[in-house]
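Me: I would like to go through the labels attached to this model and hear the grounds for each one.

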Amino acid sequence: MTTPLNGRIPPDVLAICRRLRDAGHEAHLVGGGVRDMLLGRPPADYDVATDAVPETVIDLFGKTFAKPTGLKHGTVTVVTDAKPPRHVEVTTFRGEGAYLDGRRPSSVTYVKSLSDDLGRRDFTMNAVAYDPIADVVTDLFDGRGDLSRGLIRAVGDPVTRFREDGLRPMRAVRQAAQLVFDIDGPTKAAIEPTLDVFRKVSAERIRDELLKMLASPQPSRGLQLMRETGLLGEVIPELLEGVDCTQNRYHKHDVFDHTLHVVDQTEGDPIRRLGALLHDVGKPRARQPREGAPGEFSFFQHEYVGADMADAICRRLKLANAERERVVGIVKNHMFFYSREWTDGTVRRFVRRVGGHEALDDLFALRAGDVVGRGFGEDPETELGELRERVASVAAEDAALKVTDLAIGGADVMRILGIPPSREIGEILEKLLERVIDDPSLNTPEALEPLVLEIAKELKKEPKA
């Protein structure tokens with residue numbers, strides 16, 4: 001009887017396994033690739049476990065071998081002849097010494113047994129091996145059963161597994177969100193007692209897991225698990241201030257639950273969803289009782305409080321500067337209110353203030369999620385539809401939104417006024433931009449050059465601060 005995986009392995013990966021077997025060695029596909037195939041999903045990658053030592057692997061695949069990666073851990077990367085070339089990690093069956101720093105083993109030893117190799121892995125669903133040549137699945141820890149049950153369960157003693165690698169608890173909650181799985185009771189209970197090891201993990205590794213979680217179908221599942229296990233208090237404790245922080249008649253949920261709903265409903269990449277996660281982080285600190293409304297609260301300027309908090313959180317998570325600025329911009333600008341009385345110039349100023357049309361994509365996606373997250377079944381387009389149309393209309397005019405969009409530049413201003421570089425040049429260009437925002441037809445050299453003299457005279461009349 002064939003297994004469910006029979007015939008599903010790409011020819012170039014199968015060729016690696018066959019070459020190992022022809023040389024007298026074992027060859028098993030392991031890890032997330034096998035798990036994904038058992039779930040009926042295309043694998044992101046293929047990893048091979050073998051009893052052949054790295055030197056033997058290098059000899060066998062010399063012509064397609066790029067360079068060893070993680071050679072000290074028994075891993076060799078083989079580059080296949082697929083189009084495009086595929087990188088397949090081939091790792092010798094191994095055991096590991098004590099994890100003294102909660103991040104990496106103090107030593108790696110090679111073992112001859114597949115069972116010993118599988119026994120060191122994190123979760124049962126990732127400890128299933130498949131020999132594609134013999135068409136044999138090795139499942140020593142009922143990983144397939146846990147997949148069918150939608151359960152993430154540690155291999156062996158969960159406390160031991162989490163003390164070996166402090167990132168494993170974060171991987172557990174991340175995969176629960178990605179797969180929409182539950183975490184086995186004893187495995188979940190082992191997270192809090194091992195948080196001391198988790199604290200040794202680098203911010204970069206934690207950030208990467210968080211962003212993967214935010215890219216999942218249901219980030220709230222992982223975020224709720226982070227709260228329940230103590231992980232959230234280690235990663236973004238500021239979010240816990242929103243628990244039981246009631247709002248007002250316009251919100252069905254407290255700040256924390258509202259945030260979880262918004263993150264799930266905000267469409268976009270992980271950075272946008274991180275902005276959604278932090279969009280109301282400043283509310284608990286800005287919260288004030290509403291006058292004349294007992295039991296209700298206002299959150300005046302919480303977006304500015306939240307922007308400062310978001311900046312600190314993003315720095316702590318070691319986000320790239322551009323990503324941090326994008327998140328802070330989402331938080332800072334999410335409280336916009338459109339009125340039909342807005343002129344086209346007002347619409348252009350709004351677009352400019354929030355950072356341009358790309359930033360608006362983030363804000364509109366967040367507002368749509370925010371409306372749904374209030375919990376009353378409102379249609380986001382009631383608030384967004386007309387503004388979207390107005391923004392699209394002014395965008396079609398290709399109007400100037402920044403000084404560099406003007407038809408003349410600083411050199412032109414200096415030529416017209418006969419002056420050297422100075423702060424006055426920038427002030428004149430900003431004033432010109434204000435005129436063009438109100439009337440895009442002015443954005444020609446012929447129209448702007450006379451305005452330079454006019455604005456220069458106005459500036460001279462203004463009292464100096």
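Me: In which helix is Glu 358 found?

Reply: Glu 358 is found in helix α19. The model is a predicted one.

Me: What makes Glu 358 exposed?

Reply: Its relative accessible area is 70%. Exposed means over 50%, so Glu 358 is exposed.

Me: How far is the C-alpha atom of Glu 358 from that of Thr 75?

Reply: The two C-alpha atoms are separated by 42 Å, and the residues are 283 apart along the chain.

Me: Why is Asp 142 called partly exposed?

Reply: The relative accessibility of Asp 142 is 35%. Buried is under 20% and exposed is over 50%; a value of 35% lies in between, so Asp 142 counts as partly exposed. Asp 142 sits in the loop between β8 (136-138) and α5 (143-149).

Me: Where is Val 180, and why does it count as partly exposed?

Reply: Val 180 is in the loop between α7 and β10 (182-183). Its relative accessibility is 38%, which falls between the 20% and 50% limits, so the label is partly exposed.

Me: Which residues with positive phi follow α11 and α18?

Reply: Gly 230 follows α11, with a phi near 95°, and Gly 355 follows α18, with a phi near 110°.

Me: Which residues of α11 and α18 are buried?

Reply: In α11 (residues 219-229) they are Pro 219, Ser 220, Gly 222, Leu 223, Leu 225, Met 226 and Thr 229. In α18 (residues 344-354) they are Gly 345, Val 347, Arg 348, Phe 350, Val 351 and Val 354. What covers the buried residues of α18 includes α17 (321-333), α19, α20 and α22 (423-438).

Me: What is known about the peptide bond between Lys 83 and Pro 84?

Reply: The bond joining Lys 83 and Pro 84 is cis, with omega about -5°. Most peptide bonds are trans. Pro 84 lies in the loop between β3 (75-79) and β4 (87-92).

Me: How do you know that β2 pairs with β1 and with β4?

Reply: Three bridges join β1 (residues 28-30) to β2 (residues 47-50), and four bridges join β2 to β4. Pairing needs at least two bridges, so both sets pass. β1 and β2 run antiparallel, whereas β2 and β4 run parallel. Val 48 of β2 is the bridge partner of Leu 29, and Val 48 stands opposite Val 90 in β4.

Me: Which members of the largest nonpolar core touch the most other members?

Reply: Met 226, Ile 236, Leu 274 and Leu 278 do, in a core of 55 residues. Helix α7 (residues 168-179) gives the most to this core, with six residues. A second, separate core has 22 residues, including Leu 5, Ile 16, Leu 20 and Val 76.

Me: What does Leu 274 touch, leaving out residues up to four places away in sequence?

Reply: Leu 274 touches Leu 210, Leu 211, Leu 214, Cys 314, Leu 319 and Val 327.

Me: How many cavities of 30 Å³ or more does a search of the whole structure find?

Reply: The search finds one. The largest cavity has a volume of about 40 Å³, so it passes the 30 Å³ limit. Its lining divides into five nonpolar, two polar and two charged residues. Helix α13 (residues 255-265) gives the most to that lining, with three residues.

Me: What lines the second largest pocket?

Reply: There are 25 lining residues, of which His 251, Lys 283, Met 335, Phe 337 and Arg 374 lie nearest its centre. About 520 Å³ of space lies in this pocket. The lining divides into ten nonpolar, eight polar and seven charged residues. The largest share, three residues, comes from α20.

Key
Residues numbered from 1 in each chain as written. Predicted model: local features only at pLDDT ≥ 70, side-chain atom pairs only at ≥ 80, totals over all residues. Heavy atoms only, no water. Core = buried A, V, L, I, M, F, W, Y, C linked by side-chain atoms within 4.5 Å. Buried < 20%, exposed > 50% of the residue type's maximum accessible area, 1.4 Å probe, protein only. Helix = DSSP H or I, 4+ residues; strand = E, 2+ residues; numbered from the N terminus. Contact = heavy atoms within 4.5 Å. 1 Å grid on protein atoms, 1.4 Å probe; cavity = no way out; pocket = protein on both sides within 12 Å on 5 of 7 lines; lining within 4 Å. Nonpolar A, V, L, I, M, F, W, Y, C, P; charged D, E, K, R; others polar.
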